[in-house]
Amino acid sequence: MAAPPESLSAADLPAVLSTLNAALNQSQEVRRPAEAVLAALEGRPGFCSCLLEVIACGGNEHSARWLAATQLKNCVQRHWRSRHDQGGVSPEEKAHVRAKLSSLIPQEDNQIAV
């Protein structure tokens with residue numbers, strides 16, 4: 001049996017943000033590999049939390065925050081109800097996501113509002 005994927009943490013935030021920015025690049029040579037990385041990250045524990053941190057930081061570029069919000073929506077839609085041992089979101093991360101989302105409700109940007 002394969003080892004479970006390593007959890008993402010706050011130390012991974014710069015890499016996730018960089019990947020989001022690369023996924024927005026107009027060049028296919030930059031965008032496609034970044035999209036593949038995002039697809040691979042989606043199944044890793046902590047990905048939803050990293051996306052929430054990108055969304056929460058108003059200092060991040062608007063388009064990266066918007067893409068993070070879209071990725072979060074898709075990730076929750078695909079993995080929220082799955083069992084954790086089958087690639088679903090863990091109960092601990094669900095609690096973190098719920099708590100963090102409530103703090104993001106007063107979002108000034110309507111395109112990113114949760």
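## Lysine 73

In this predicted model, lysine 73 counts as partly exposed because its relative accessibility is 48%, where buried means under 20% relative accessible area, exposed over 50% and partly exposed in between, with a 1.4 Å probe and protein chains only. Lysine 73 is placed in helix H4, and its C-alpha atom is separated by 9.9 Å from that of leucine 51, 22 residues apart along the chain.

Residues are numbered from 1 along each chain as its sequence is written. The model is predicted, with local features needing pLDDT of at least 70 and side-chain atom pairs counting only at pLDDT 80 or more, while totals for chains, interfaces and linings use all residues, and side-chain values use heavy atoms, with hydrogens and water left out.

## Packing of H3 and H5

The axes of helix H3 (residues 47-56) and helix H5 (residues 91-104), lines fitted to C-alpha atoms over the stretch in contact, come within 9 Å and cross at roughly 15°. H3 is therefore roughly parallel to H5, a term for angles under 35 degrees.

In the contact (heavy atoms within 4.5 Å), Phe47, Cys48, Ser49, Leu52, Glu53, Ile55 and Ala56 of H3 meet Glu93, His96, Val97, Lys100, Leu101 and Leu104 of H5. The residues of this contact comprise eight nonpolar, two polar and three charged, with Ala, Val, Leu, Ile, Met, Phe, Trp, Tyr, Cys and Pro counted as nonpolar, Asp, Glu, Lys and Arg as charged, and the others, Gly among them, as polar.

Key
Axes fitted to C-alpha atoms, helices over the stretch in contact; angles between N-to-C directions. Helix = DSSP H or I, 4+ residues; strand = E, 2+ residues; numbered from the N terminus. Parallel < 35°, antiparallel > 145°, perpendicular 65-115°, else oblique.
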